[in-house]
Amino acid sequence: MNAITSAPAIRTVHVPLGERAYDILIGPGLIARAGAEIASRLKGRKAAVVTDENVAPLYLKALVASLDEAGIASAEVVLPAGEKTKSFEHLITVCDKVLEARVERNDYVIALGGGVIGDLSGFAAGIVRRGVRFVQVPTSLLSQVDSSVGGKTGINSRHGKNLIGVFHQPDLVLADTAVLNSLSEREFRAGYAEVAKYGLIDKPDFFAWLEANWKAVFTGGSARIEAIAASCQAKADVVVADERENGPRALLNLGHTFGHALEAATAYDSSRLVHGEGVSIGMVLAHEFSARMNLASPDDARRVERHLKEVGLPTRMSDIPGDLPPAEMLMDAIAQDKKVKSGKLTFILTRGIGQSFVADDVPASEVISFLREKHP
């Protein structure tokens, strides 16, 4: 187990991946000291900072000032906000800007934003000059506990979400917990779905702790830092055991197969559904499908739904505004999922709270029947 070490008001989770090892720093005020943290760990002295139109007015000036103070020259790339930015068009824009800034292999691409900016920027960092250094400064709860850790990068295709990308580990993650105070309630709830996921995968005690303490996590302070650190540690442990998702790392996709299909079905329209909301519905569906397959008790599915609903997350397909395509079209999206192997469906199912497992060769007939039942 990788230890979580303490510093004043800051937690550090170390991800021991040999030459690709890095630290995740968690706590308030990290954007203001980002330049010093980067300069003390990495050699480069130039950076391209990639962010979006929502985050830039809030935090870009402070980040650039910290880089200037540390002697790191920076160029700024400000993109539109939203899931649709994860596209070839914007990937080309970022790559061109990184090259224009003359960022070299020991220099950095810095992602300042949520999961969309992190995924897109990491992909660009992974392919420009066949790989430059990459620093994540995640500004949403979802990105702090999930997408900023582990090296998965990519963009979306018309065939599905995150189907084009590379594995490119960050060199440092700076999770400034103070920035989460600027999130809307909806954005914070969406990120919380990924926090709950770690308990549902293999940490039933953590899920029980969240059931008892979720209000304190939403309020902030030490409970929030504890939840984020526990989530990052859980993900780091899985990434170290299976960096390129050849086995147990697939467990991190609990709820994602159904959730990604729902995101595709809404054309990635964030007014209808954002990623964490899709994961919330997907985790309930995964537990219900497991019960349908006589793998788990229906009581577990009801417990999962009860908690997610209590925090304000959607738990049913009917909670998504507007019409959804028929079950057959949802099935088409599931068939494009990255976990499909040799045409066989792979799902993350469960035998109970905290007892998730990878199920290979799930019968498509059972899935389509289940989808029709849940979405006639």
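Contact here means heavy atoms within 4.5 Å. The views show a predicted model, in which local features need pLDDT of at least 70 and side-chain atom pairs count only at pLDDT 80 or more, while totals for chains, interfaces and linings use all residues. Residues are numbered from 1 along each chain as its sequence is written, and side-chain values use heavy atoms, with hydrogens and water left out.

**View 1**
Beyond its neighbours within four places in sequence, isoleucine 24 is in contact with Arg11, Thr12, Val13, Val15, Val149, Val173 and Cys232. A nonpolar core is a set of buried Ala, Val, Leu, Ile, Met, Phe, Trp, Tyr and Cys residues joined through side-chain atoms within 4.5 Å. Buried means under 20% relative accessible area, exposed means over 50%, and partly exposed falls in between (1.4 Å probe, protein chains only). The largest such core has 75 residues, and the members that touch the most others are Ile24, Ile26, Ile38, Ile110, Leu112 and Tyr192. Helix α8 (residues 222-241) gives the most to this core, with ten residues. Another core lies apart from it and has 24 residues, among them Ile334, Phe347, Leu349 and Phe357. Helices (H or I, at least four residues) and strands (E, at least two) are DSSP runs, numbered from the N terminus.

**View 1. Aspartate 119 and lysine 86.**
Aspartate 119 is found in helix α4 (residues 115-127), and its relative accessibility of 10% is why it counts as buried. Its contacts, not counting residues up to four places away in sequence, are Lys86, Ser147, Lys152, Thr153, Gly154 and Asn162. A salt bridge is a side-chain nitrogen of Lys or Arg within 4 Å of a carboxyl oxygen of Asp or Glu. Lysine 86 forms one with aspartate 119, with the closest N and O atoms 2.8 Å apart. Lysine 86 lies in the loop between β5 (73-79) and α3 (88-100) and aspartate 119 in helix α4, so this pair ties together parts that are 33 residues apart in sequence. Lysine 86 also counts as buried, at 3% relative accessibility.

In the salt bridge between lysine 161 and glutamate 263, the closest N and O atoms are 2.7 Å apart. Lysine 161 lies in strand β9 and glutamate 263 in helix α9, so the pair ties together parts that are 102 residues apart in sequence. Both residues are buried. A network of salt bridges links Glu83, Lys86, Asp119, Lys161 and Glu263. The whole structure holds 27 salt bridges.

**View 2. Helix α9 and its surroundings.**
Helix α9 (residues 256-265) is largely enclosed by the rest of the structure because eight of its ten residues are buried. The buried residues are His256, Thr257, Phe258, Gly259, His260, Ala261, Leu262 and Glu263. They pack against β9 (160-164), α6 (185-202), α10 (275-292), α12 (327-335), β11 (347-350) and α13 (364-374). Just after α9, alanine 267 takes a positive phi of about 55 degrees.

**View 3. Threonine 139 and the annotated binding site.**
UniProt, in an unreviewed entry, places the feature "binding site" at Gly115, Val116, Ile117, Gly118, Asp119, Thr139, Ser140, Lys152 and Lys161. UniProt positions are given in the numbering used here, feature names are shortened, and annotations may be inferred rather than shown by experiment. Threonine 139 is found in the loop between β7 (133-138) and α5 (141-147) and is buried, with a relative accessible area of 5%. Not counting residues up to four places away in sequence, threonine 139 touches Val55, Tyr59, Leu112, Gly113, Gly114, Val179, Leu180 and Leu183.

**View 4. Aspartate 146 and lysine 197.**
Aspartate 146 is found in helix α5 and is buried, with a relative accessible area of 9%. Its side chain is joined to that of lysine 197 by a polar contact of 3.4 Å. A polar contact is a pair of N or O atoms within 3.5 Å; within protein, one must be able to donate a hydrogen and the other to accept it, and residues adjacent in sequence count only if both atoms are side-chain atoms. Leaving aside neighbours within four places in sequence, aspartate 146 is in contact with Glu194, Lys197, Tyr198 and Lys235.
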